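Hi,

Here is the structure I promised to pass on.

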Amino acid sequence: MNCNNHKHNYKFSRRDFLTKTSLGMGALTLGSLISPTDLYAKNTYIDKRIPHFPAKVKRVIYLLQSGAPSQLDLFDYKPLLNKLNGTELPDSIRGGQRLTGMSSGQSSFPLAGSVFKFKKHGKSGAWMSELMPYTSKIVDDLCFIKSMYTEAINHDPAVTFLQTGSELPGRPSIGSWISYGLGSDNKNLPEFVVLVTKDKFGQPLYSRLWGNGFLPSKHQGVQFRSGKNPVLYLDNPPGVTADLRKEQLEYLKKLEKINHSDVGDPEILSRMSQYEMAFRMQSSVPEVMDVSKEPDYIYDLYGKESRNPGTFAANCLLARKLIEKDVKFVQLYHQGWDQHNDLPNAIKVQCKDTDQPTAGLITDLKQRGLLEDTLVIWGGEFGRGSYSQGTLTKDNYGRDHHPKCFTIFMTGAGIKKGITLGSTDDFGYNIKERPVHIHDFQATIMHLLGIDHERLTFKHQGRRYRLTDVHGNVVKEILS
Amino acid sequence: MILFDISSFFGRLHPLIVHLPIGFIIIEIILEWYLKVNKIYISNKILSFIWFLAFISSIFAVFFGWLLASNGHYAEDNIYLHRWSGILLVFFILFIWGLKSKMIYLFKSQNSFFNFLIIIILLIVSHQGGKITHGENYILEYSPEFIKKKFYNNTNTKISYKDKELDSIEIFKELILPIFEHKCISCHNNEIQMGELNMTTVAKLFKGGSSGNAIINKNAEKSILFNRITLPQNNNKFMPPNSNPLTYDEINLIKWWLNSDIKSNNRLSSVKLEKTDKWLLNKLFEIDTKEKPFYDKLKNISKLDYEKLKRLDNVNFTWKILAENYPLIELNYIGNNIEDTSLNEILKFNENIIALTIKDSNLKDSHLKLISKLKNLMILNIQNNPITDKGVIHLGSLKNIEKLNLYGTKISNISLNILSKIKSLKTIYLWRTKVSIDKINEFNNNNSTKVILGV
């Protein structure tokens, strides 16, 4: 029988105090004997929001291609797959790799070569398929990583992992970490803005992907929508004037101040600053969302869809405007890349949506000098496999999820231009050289922004958390 | 040769034999103390006999020690104190033996006094001996930090040229000579020249010693020096002959040096470095071969005063600190009509400012005169302002400017001529200006500075 039942009443009895503190003192002494300088933890909190080291990147645009684009049909040229088209995927290549429930029941796994033609482009000679004619023109400005890999095999855990460093929901998104670590450059707009392409379907996107997790809520991503109300519930209700709202907020502030001095909850401060931010955003958001003054040649650059608010092209144009206004992290989501069947047709639509706007955005940033301190990232949450899901016909096939390798590309500040890092085997199935894990990728983004990913932590539930958990190595090869 | 071998054989018994007199002395002193405390009286003959044993064994120890030293593996400087304090100890033991056998009487408490004295001498001798055999830091190497901090004599301090520029590091004097000084020069210096070799200067190394030229320019394999340090360790000619050979990295460094064009005052900036050389130099000397950004070269910049910085908010400038431990700021104008007063306010932080952005704010030519006073400015972004060639003339005095964004201004070809004279410039943005495409193409072909244009 446990005689210590009284413990829940007296969490720290006299006896407990004596045993625990004496042990503790012993440990302290031993600790100081072994290494006295390490006895005191280093201060990991950031007060003044100063980068750990000089940063090349001041802002990030992340073009997240939700659903996982097929690297084998876009960037990772594998002629062997065309040669062996229709033959069985060798077991030696698959190596017992787990498959999703969608194709694991297939009796055969016929290799599927891409139906699209590949060509080398630019001085760097990067392979690109015919699906991306505009991006192909700017390959000398891009840095491809062909050896990305992740741990999750399904969309939701994979995209959560990519965004928050954990497959389980609840951790802060990259943009929130960066907002928390670096603070704001424009007090009239949020540090972290999210734009989702309208009318697209596919894998669901939840607001927790740009959520602040356990960080103070002012670091969460703010979604800007197309149409009359870019930010939901931002406008004053009919009959409430700006002056009235201002007065109301001032009184609210007084009340919240009393409340905070009583309770001491930091979330009250967070909320106060958000009310004020929302008030300022009532004039700053319409200003930044107004694209009517953009000249025609800019619309031409991003493609004709850029005149249609809410499309990927229009969002790219908006992203540039937000970056010009010193928003720190702009994240675009574009759904519809999850092509389990009818890939050759479906991917064409996706590329038409994204190719010209992406290239246009990069060109536009470059001519304005913004690429000097902006990082642009294009990529999905994992890759797609080299065997056909479903029946393989002469000109049609599908591809299942493939976490073991995929391709992303980046450009902008601090990144080497016109290079390709890593490679996959001839089957496009396994990584041949320089694997880059999601945590490495996250650590690299942080590094470029001047943050040591091991030092940016937040204490929650008794432990300090970081974006990269206990992992992550900066990919030094791509840094310029 | 046989004689030499025998003397070496006995010489090497020295570290073994020395412990006999040490043991005798200590047992004698403890015994005397024990007898005295417990008031036991025994014959003085026993006590003096132990001193006699100590005397005989110490003679052997000194003799073997002399043999060991005469084999030439030790620099006299290092063993001088040990040699002579050891001999002194022998005489001292003899003297005490005399005391104990009642042949000498000096004063009343002579026994305890001389016991105390002999322990002091013994400590000195054995400490010196231990130092020769095991090296100075043998005992303290793994001592707790607080002891180490006080007593540990860090002779192997890594030489660090972390903050030195490549053009100020002399290859021989600062990279090679320290290795020689540590491991060779005690036998090959201006006074002692074993094998007639003096290793203190490049010229003397070229001259060499009794076996010929020690080093040969651009040829490590044929250089005797390199040959000797890479022989098997049991070879008679292996250098250095004592138990402290050069490390793998040191050998590689010497190889790299010998294969280069050796000159006495060559600087590191004058030689081409391969990837492995860079790695080696970084490992041994923490030399950073990467080109440093401008802000890392800045020194003695005054600290930032946060209270004063806050005043910049009043003139519509937002400021960001470059990074921890950098007293440098990046400024961004957030108003839409810049005035002289605002610029005068930022000039108070002249040397702290490395980046300045004033876009779309009616910045005029006259303002550029003020901006051109910023002596540490690296990045200037003044896009979309009514600036003309007349204003750009002022920018000529920005000696450290690397990135200049002039897109959307009214400048023309003349400005590009002015800008081509600023050597530090790396990138210029000229989209939507009056500068002609032909002019830009010509400029891009003839300059390392890159002009970036748009669609």
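First, the ground rules. This is a predicted model, where local features need pLDDT of at least 70 and side-chain atom pairs count only at pLDDT 80 or more, while totals for chains, interfaces and linings use all residues. Residues are numbered from 1 along each chain as its sequence is written, chains are lettered from A and ligands numbered from 1 in the order in which they are written, and side-chain values use heavy atoms, with hydrogens and water left out.

**Chain A overall**

Chain A comes to 13 helices and 17 strands (DSSP runs numbered from the N terminus: helices are H or I with at least four residues, strands are E with at least two). Its C-alpha trace spans about 80 × 65 × 45 Å along the principal axes.

Of the 480 residues in chain A, 54% are buried (under 20% relative accessible area; exposed is over 50%, partly exposed in between, with a 1.4 Å probe and protein chains only). The accessible surface of chain A is about 21,900 Å², and carbon and sulfur atoms hold 54% of that (Shrake-Rupley method with a 1.4 Å probe; for residues, only the protein chains shown count as cover). Among contacts in chain A with a separation of 6 or more, 77% are between residues 24 or more positions apart (contact means heavy atoms within 4.5 Å).

With 0% relative accessibility, Gln331(A) counts as buried. Leaving out residues up to four places away in sequence, Gln331(A) touches Tyr62(A), Leu64(A), Gln163(A), Phe192(A), Val193(A), Val194(A) and Leu195(A).

**Salt bridges**

Side chains of opposite charge can pair when their charged atoms come close. Over all chains, the search turns up 34 salt bridges (a side-chain nitrogen of Lys or Arg within 4 Å of a carboxyl oxygen of Asp or Glu). Here are three of them, plus a network:

- Glu330(B) pairs with Lys58(A), with the closest N and O atoms 2.9 Å apart. This pair crosses between chains, from strand 2 of chain B to the loop between helix 1 (14-34) and strand 1 (59-65) of chain A. Both Glu330(B) and Lys58(A) are buried.
- Asp338(A) pairs with Arg384(A), the closest N and O atoms being 2.8 Å apart. Asp338(A) is in the loop between strand 7 (329-334) and helix 12 (343-367) of chain A and Arg384(A) is in strand 9 (residues 383-384), so the pair ties together parts 46 residues apart in sequence. Asp338(A) counts as buried at 19% relative accessibility, and Arg384(A) counts as buried at 0%.
- Glu174(B) pairs with Lys164(B), and here the closest N and O atoms are 2.4 Å apart. Glu174(B) belongs to helix 8 (residues 171-183) of chain B, and Lys164(B) to the loop between helix 7 (145-151) and helix 8, 10 residues apart. Glu174(B) counts as buried at 14% relative accessibility, whereas Lys164(B), at 30%, counts as partly exposed.
- Glu294(A), Arg320(A), Glu324(A), Asp364(A) and Arg368(A) are joined into one network by salt bridges that share partners.

**The sheet in chain B**

Chain B has an open sheet of 7 strands in the order 1-2-3-4-5-6-7, with mixed pairing (two strands pair if DSSP finds at least two bridges between them). Strand 1 (317-321) and strand 7 (450-452) are the edges, each pairing on one side only. From one strand to the next, the twist averages 15 degrees.

Strand 4 (residues 379-381) and strand 5 (residues 403-405) of chain B pair in the parallel sense over 3 bridges, and Leu380(B) stands opposite Leu404(B) in strand 5. Helix 14 (residues 306-314) of chain B lies across strand 1 and strand 2 (329-333), running at about 140 degrees to strand 1 (axes are lines fitted to C-alpha atoms, for helices over the stretch in contact, and angles run from 0 to 180 degrees between N-to-C directions).

**One more residue in chain B**

Ser415(B) is in helix 18 (residues 413-419) and, at 0% relative accessibility, counts as buried. Apart from neighbours within four places in sequence, Ser415(B) is in contact with Asp389(B) and Val392(B). Between Ser415(B) and Ser43(B) there are 372 residues in sequence and 109 Å in space, C-alpha to C-alpha.

Cheers
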